[in-house]
Amino acid sequence: MTHADLTRPADQSARPTDHLAMPHRADDEPSRGRVRAWTRSALRDVVYCGAVLAWSIAGFTILVTGAAVTASLLFLVVGVFIWISLVHVLRWTTWVDRRLAGWQRHEHVVAIYRRPTDRGFIAYLRTLTSDPQTWKDMAWLAVTSIIGFAGGLAVITAAGLAATYVSMPLWYWAASHPHQEYGVTNLGFLTVDTPYDAGISAVIGLLLIPLVLLLARWCAAAHAGLAVRMLASDTTP
């Protein structure tokens, strides 16, 4: 018997094992990668909703204050300069909204503003006022101050409750009046004042996490899509 005859069975016995092991790895890793990618995107959406919540409050304050001051002084000479300042502040505010929407959608959101064709202050003022993008910026701040605030508040509140329930075993004992903390230690059907109740609350929090992530994904996608539709320019004027 030659050396080649002795080594052939060992090679043949190793091949089926390698052949059986490869499909398991090929099926396992893509599914894990998809779960990790989905989780990262969902967490990204939670951060986006939190930023939208904060910026919608800022945008509402800027819009209401600027509009009130401009309307009260518009018939005076100084009112014209306040209007010009307000338009530029609105552009900067919506620039932040575009960056946030682009970050969520992984794209670059661009707005194109008109430039005056003639020289002079009157031409500049007329172009600034007649630019459709100026009014779209103002309309967007009115929309996001309602929709963005409501969606961001819902997501952040839900995420906070899920985190509170999951961490309940660590701090439930510090609640001095657990029966009075409605929605936290008092869940209606359960009052958390024992380690067993805290464990049940932690399980509830774990079950809420996928729902919170789904809510965040839906709210973020809807808000970012609306932002692109209202703030992005389709063509160059």
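**View 1. Ile 122, an exposed residue.** Ile 122 counts as exposed because its relative accessibility is 55%, and the cut-off for exposed is over 50%. Ile 122 is found in helix α3. The model shown here, and in the views that follow, is predicted.

View 2. Two helices, α2 (77-105) and α3 (121-130), each give two or more residues to the patch.

**View 3. The buried residues of α3.** Which residues of α3 are buried? They are Ala 123, Leu 125, Thr 127 and Leu 128. Helices α2 and α4 are among the elements that cover the buried residues of α3. In an α-helix, residues three or four places apart point the same way, because there are 3.6 residues a turn.

**View 4. Ser 145, a buried loop residue.** Ser 145 lies in the loop between α4 (132-144) and α5 (147-166). Is Ser 145 buried or exposed? Ser 145 counts as buried because its relative accessibility is 14%, and buried means under 20%.

**View 5. The surroundings of Ser 145.** A polar atom of the Ser 145 side chain lies 2.7 Å from the backbone oxygen of Ala 142. Leaving aside residues up to four places away in sequence, Ser 145 touches Ser 56 and Phe 60.

Key
Residues are numbered from 1 along each chain as its sequence is written. This is a predicted model: local features need pLDDT of at least 70, side-chain atom pairs count only at pLDDT 80 or more; totals for chains, interfaces and linings use all residues. Side-chain values use heavy atoms; hydrogens and water are left out. Helices (H or I, at least four residues) and strands (E, at least two) are DSSP runs, numbered from the N terminus. Buried means under 20% relative accessible area, exposed over 50%, partly exposed in between (1.4 Å probe, protein chains only). A polar contact is a pair of N or O atoms within 3.5 Å; within protein, one must be able to donate a hydrogen and the other to accept it, and residues adjacent in sequence count only if both atoms are side-chain atoms. Contact means heavy atoms within 4.5 Å.
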